[in-house]
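Thanks for asking me to look this over with you. Below are my notes, as numbered points to read beside the model.

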Amino acid sequence: ETLAGSGATDLLSDKLDSVLAQTREKEAETLTEVTWREKTIPVRSEKVRVAIIKARVKEADLTQADSSDLETLMALYDELFIAYGDALGQVKEDLRSEEKASARIMSQKSEALIANS
């Protein structure tokens, strides 16, 4: 492979990564809810949506993989579990942020009530 060929490959790879990122962003915009255990849950956080889309991409990669190549399957399962772990971590982070915001609001309301008493 020539140096120029390597540069072209890098450029093509960068462009593909950019297109994939744009596609994930568009998919994330349309992902408004998730159904789990027969319950539909709204997905409000952009970061959570993107994490779920990434996990779904890994799931699709797994279903398209050669089932006779056990090493590749194991690597894909690892990637899938990591992607779902990242999504779960993002949900937990968002919940912590919401709890802190709610606590601040409740504290401000309590202070206002005390001040008006």
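1. A search of the whole structure, which is a predicted model, turns up two salt bridges. The term stands for a side-chain nitrogen of Lys or Arg within 4 Å of a carboxyl oxygen of Asp or Glu.

2. One of them pairs glutamate 46 with arginine 49, with 3.2 Å between the closest N and O atoms. Both residues sit in helix α2, three residues apart, or about one turn of the helix. Helices here are DSSP runs (H or I, at least four residues), numbered from the N terminus. Glutamate 46 is partly exposed because its relative accessibility is 38%, while arginine 49 is buried because its relative accessible area is 13%. Buried means under 20% relative accessible area, exposed over 50% and partly exposed in between (1.4 Å probe, protein chains only).

3. Lysine 58 counts as partly exposed because its relative accessibility is 26%, and glutamate 79 does so because its relative accessible area is 33%.

4. Now to helix α2 itself (residues 46-64). It has 19 residues and reaches 27 Å from its first C-alpha to its last, close to the 27 Å expected at 1.5 Å a residue; the expected span is 1.5 Å times one less than the number of residues. Among the buried residues of α2 are Val48, Ile52, Ile53 and Leu62.

5. How confident is the predictor? The protein averages a pLDDT (confidence in each residue, from 0 to 100) of 83, and 92% of the residues score at least 70. Confidence is highest in α2, at 88, and lowest in helix α1 (residues 3-30), at a mean of 73. Where pLDDT is low, the predicted coordinates should not be read in detail.

6. A word on conventions: residues are numbered from 1 along each chain as its sequence is written, and side-chain values use heavy atoms, without hydrogens and water. In this predicted model, local features need pLDDT of at least 70 and side-chain atom pairs count only at pLDDT 80 or more, while totals for chains, interfaces and linings use all residues.

Methods. Helices (H or I, at least four residues) and strands (E, at least two) are DSSP runs, numbered from the N terminus. pLDDT is the predictor's confidence in each residue, from 0 to 100.
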